[in-house]
Amino acid sequence: MESEEPTISEGDVNPHEALAAIQAARRDVLNVVNYPVGYDLAYGAVCGLLVAAHGMPQPWYVVSYVVALVGLGLMVRWWRERLGWWVNGYSPRRARWVAIGLAALMIGLMGVSMYGQSYGPWWLFIPTGLVGGVAAAVCGRVWIRVWRRELEEGV
Amino acid sequence: MTPPVFDAVIHAPGRLQICAILSSVDDAAFSMLRDALEVSDSVMSKHLKQLEDVGYIKLTRATENGRQRIWVALTAAGRKAFATHVAELNRLAAMTAPTKKSRS
């Protein structure tokens, strides 16, 4: 037998308590973002590979792209299994700018990789891949930090 | 601009916290929400049914590693309803002084 919930009217509401409850729920669950440094390294490796792939000759371009995309998919799956939630980098209002900045940098580096492939030097994809990888690993942690602050200030 | 609106469905204890969490993410696992609220499966299911019945959430069932997992996400209507509800709470809070209890 289901028990009836009491009807809540606006007059019964303590808004301060309600706002505090919202903050607490977000803080207790989403602020405990405990993931290993290995995740950042893996993310950096995958992003670095995506950048470098654009400077590689065939078939390595395709192989690298596929490996990187599969890697990204596995990482998303791991995160969802481990933490039980997911937020894409472009959803939060403030943190999205970190994602946009990283995407802009990555696109620029891909362009440089492609330039190296077309006009030389052939090895240009190596430093662009490294820079892209390091930037991605760092930006991942920066994104989390900005997002957590956004959650704390958000209500 | 949508005016602040109090939403009794969202405001109920339990569902307010569920919506608070879901509003911050794209989706969340049923098990994570249940553990966060420290309630039983049946209580969580009841809360989610209430939210689903008014179109505020959608449930997705996925099979992962041989077991079924339920993922919960706010719909666009749910996000809007939660945002206007929080706006109303902020409006009410601005009109009243905080009590000592709310500081804990």
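The exercises below work through the helices, the sheet and the chain contact of a predicted model.

Residues are numbered from 1 along each chain as its sequence is written, and chains are lettered from A, with ligands numbered from 1, in the order in which they are written. Since the model is predicted, local features need pLDDT of at least 70 and side-chain atom pairs count only at pLDDT 80 or more, while totals for chains, interfaces and linings use all residues.

**Exercise 1. Helix α5 of chain A**

Solution. Begin with the terms: helices (H or I, at least four residues) and strands (E, at least two) are DSSP runs, numbered from the N terminus.

**Exercise 2. The crossing of α2(A) and α5(A)**

Task: Describe how the axes of α2(A) and α5(A) cross, and which residues meet there.

Solution. Axes are lines fitted to C-alpha atoms, for helices over the stretch in contact, and angles run from 0 to 180 degrees between N-to-C directions. The axes of α2 (residues 37–53) and α5 (residues 125–153) of chain A come within 7 Å and cross at roughly 145 degrees.

Two residues are in contact if their C-beta atoms, placed from the backbone, lie within 7 Å. Among the residues that meet are A:Tyr43, A:Cys47 and A:Val51 in α2(A), and A:Phe125, A:Gly133 and A:Arg141 in α5(A). The residues of this contact divide into 13 nonpolar, seven polar and two charged, where Ala, Val, Leu, Ile, Met, Phe, Trp, Tyr, Cys and Pro count as nonpolar, Asp, Glu, Lys and Arg as charged, and the others, Gly among them, as polar.

**Exercise 3. The sheet and the contact between chains**

Task: Give the strand order of the sheet, then describe the side of chain A that touches chain B.

Solution. Two strands pair if DSSP finds at least two bridges between them. Four strands form an open, antiparallel sheet in the order β1(A)-β1(B)-β3(B)-β2(B), with β1 (85–86) of chain A and β2 (57–64) of chain B as the edge strands, each pairing on one side only. β1(A) pairs with β1 (residues 27–29) of chain B over two bridges, and A:Trp86 has B:Asp27 as its bridge partner. Between β2(B) and β3 (residues 67–74) of chain B there are eight bridges, and B:Leu59 is partnered by B:Val72.

The contact takes 28 residues from chain A and 27 residues from chain B. On the side of chain A, α1(A) gives the most, with 13 residues, and the residues of that side divide into 16 nonpolar, six polar and six charged.
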